[in-house]
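Open the model in your viewer and keep the selection tool at hand.

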Amino acid sequence: MFESLSAKFQGAFASLRSKGRLKPGDIDEIALEIRSALLDSDVALSVVDFFIEQLKSRAEEVLTDLNKSTNPANAIFEIVNSLLIEILGGSARRIRLAKKPPTVILLTGLQGAGKTSLAGKLANYLKVQGNTPLLVASDLQRPNAVTQLQVVGESIGVPVFAPEPGNGVGDPVKVAKAGVKFAEDKLHNIVIVDTAGRLGVDAQLMEQAKQIRDAVSPDEVLYVVDAMVGQDAVRTAQAFFEGVGFDAIVLTKLDGDARGGAALSITQVTGKPIMFAATGETVNDFDLFHPDRMASRILGLGDIQTLAEQAKGAFDSDTAAKLEDKFASGEDFTLDDFLAQLEAMKKMGSMTKLLGMIPGANSGAMKKQLEQFDEGELVKTQSIVQSMTPLERNDPKVLNGSRRMRIANGSGRQVSDVNSLVERFTQAQKVMKQMRTGKGGMQMPPGMQMPPGMPPGMPLPQAPKVVNKKKSRSGNPAKRALES
Ligand code: GDP
């Protein structure tokens, strides 16, 4: 999502940067380009109008200063960045926990929006943070919704309150009420109630949602929106908001290839923040929504903060400390370290998604490479390394022909696969040495070295320098990237 918008923004800024001094006409020109980029991305007209009006008035206000500054295009970039953050909701909004537990979260939205999957993702997210959530199966309409919730609950170790079989049988209001009572009795501190959707926002859907809402007095009503649906999603959200009301929005399917208009319009249109975003079908494809990080991605600056957080979460602290020590002391990175990294990377999820957070990932060449990335490559690489002896992992120089043949047979791969891994590993070791010594202009955060398992020819991204927090002037990632 956002690829085409991102490419258009980057194109507009590239031409602005080449201009030097700016005239009022230049601002009109970029405003026009941005307007057409937003409209092409299916952003609601009212939001586009607001954006462009603000962009023009803020740019004109600072025009005199702009020309004195060394890089006026950057000042316009800053305005666009802050406007993007603004329409995306300003700052991240977290779940408000009830003073007296349990906190009741009601999930609403159309059928197929991703509510049931989201119930599991949210429960898992809250559980990892030390909560004791309970899932309540009040979607008694959609075929298999109850079973789906039970399966996801079991997979994440979260209990599911499901007294009715569903598939049209049972009273969802009674189940929701009994679920909250059950949570109180069993001391669950959070209850997530999954409700039924309809194919469109109709009177029946709103009536049932209202009845459940009145029965359980939720602390948070979340409206789940399929971001792939585009403008229609925004219209139905508005109708639901007027009919029933909600506290925050959850965007699902942000991994899809829709143009992103719904994500960019929905907060401005409904006045409610986006709280979470889902980016895939597994329980880990989910996170708090950060407007500043999303703006940073749209503007092609990547999302290093999320990447670093995910890396931190995936590496246990011992492994991370060991790798950092090695990196700092100049000791060689071995294939054993590499195995530990592969394990951690598998925990972090899809490589394509991770690499997509690197600055410039939306640019043409890098994007093509990412599209061709074979996720199975990591598993193949892992099986080759696992077939090596400790001596070979520590010192790949001992790998003569017969050892390579044995490894290939042991891992079910070809000798050429072993050769190619060893070659790429040796190259990666060299790159890491360069990063450590600062030669070649590369620097990446500790624990985030590029994997030698990458396909041949994969370009090493131009990672931004690690920003020293104390020296940073701004709290948002896009601005910080500009400052550095
Ligand atoms: P519900 O009717 O609202 O409960 O919808 P479901 O939770 O059953 O989701 C509908 C479909 O969308 C399922 O096939 C899910 O696997 C899929 N889905 C849900 N969230 C996401 C997401 O963030 N990305 C992708 N690609 N698929 C999703």
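The model is a predicted one.

**Ligand shell.** Select the ligand and the 19 residues around it; Gly114, Lys115, Thr116, Ser117 and Ala278 come nearest. Colour the shell by residue class: three residues are nonpolar, 10 are polar and six are charged. Then show helix α6, residues 115-128, which supplies the largest share of the shell, three residues.

**The sheet.** Next, display the strands. Eight of them form an open sheet with mixed pairing, in the order β3-β2-β4-β1-β5-β6-β7-β8. Go to its edges, β3 (160-161) and β8 (286-288): each has a single partner strand, so one side of each is left without a neighbour in the sheet.

Bring α6 back into view. This helix packs on the sheet and touches β1, β2 (133-138), β4, β5, β6 (248-252), β7 (274-278) and β8. The direction of α6 makes about 170° with that of β4.

**Strand β1.** Select residues 103-109. Are the residues of this strand buried or exposed? Seven of its seven residues are buried. One side carries Thr103, Ile105, Leu107 and Gly109, the other Val104, Leu106 and Thr108, and both faces are covered.

Now look at the partners of β1. With β4 (residues 190-195), β1 pairs in the parallel sense over five bridges; on this side Val104 stands opposite Val191. With β5 (residues 220-226), the pairing is again parallel, over five bridges. Here Leu106 stands opposite Val221, and the bridge partner of Gly109 is Val224.

**Start of the chain.** Select Glu3, in helix α1 (residues 3-17). Glu3 counts as partly exposed because it has 17 C-beta neighbours inside 10 Å.

**Confidence.** Finally, colour by pLDDT. The protein has a mean of 81, and 80% of its residues reach 70 or more. Residues 440-473 fall below 50, with 67 contacts in the model beyond near neighbours in sequence. Residues 477-484 are also below 50, and this stretch has 29 such contacts. Where pLDDT is low, the predicted coordinates should not be read in detail.

Conventions. Residues are numbered from 1 along each chain as its sequence is written. This is a predicted model: local features need pLDDT of at least 70, side-chain atom pairs count only at pLDDT 80 or more; totals for chains, interfaces and linings use all residues. A residue is buried if 20 or more other C-beta atoms lie within 10 Å of its own, exposed if 12 or fewer, and partly exposed in between; C-beta atoms are placed from the backbone. Helices (H or I, at least four residues) and strands (E, at least two) are DSSP runs, numbered from the N terminus. Two strands pair if DSSP finds at least two bridges between them. A residue is near a molecule or strand if its C-beta atom, placed from the backbone, lies within 6 Å of it. Ala, Val, Leu, Ile, Met, Phe, Trp, Tyr, Cys and Pro count as nonpolar, Asp, Glu, Lys and Arg as charged, and the others, Gly among them, as polar. pLDDT is the predictor's confidence in each residue, from 0 to 100. Two residues are in contact if their C-beta atoms, placed from the backbone, lie within 7 Å. Axes are lines fitted to C-alpha atoms, for helices over the stretch in contact, and angles run from 0 to 180 degrees between N-to-C directions.
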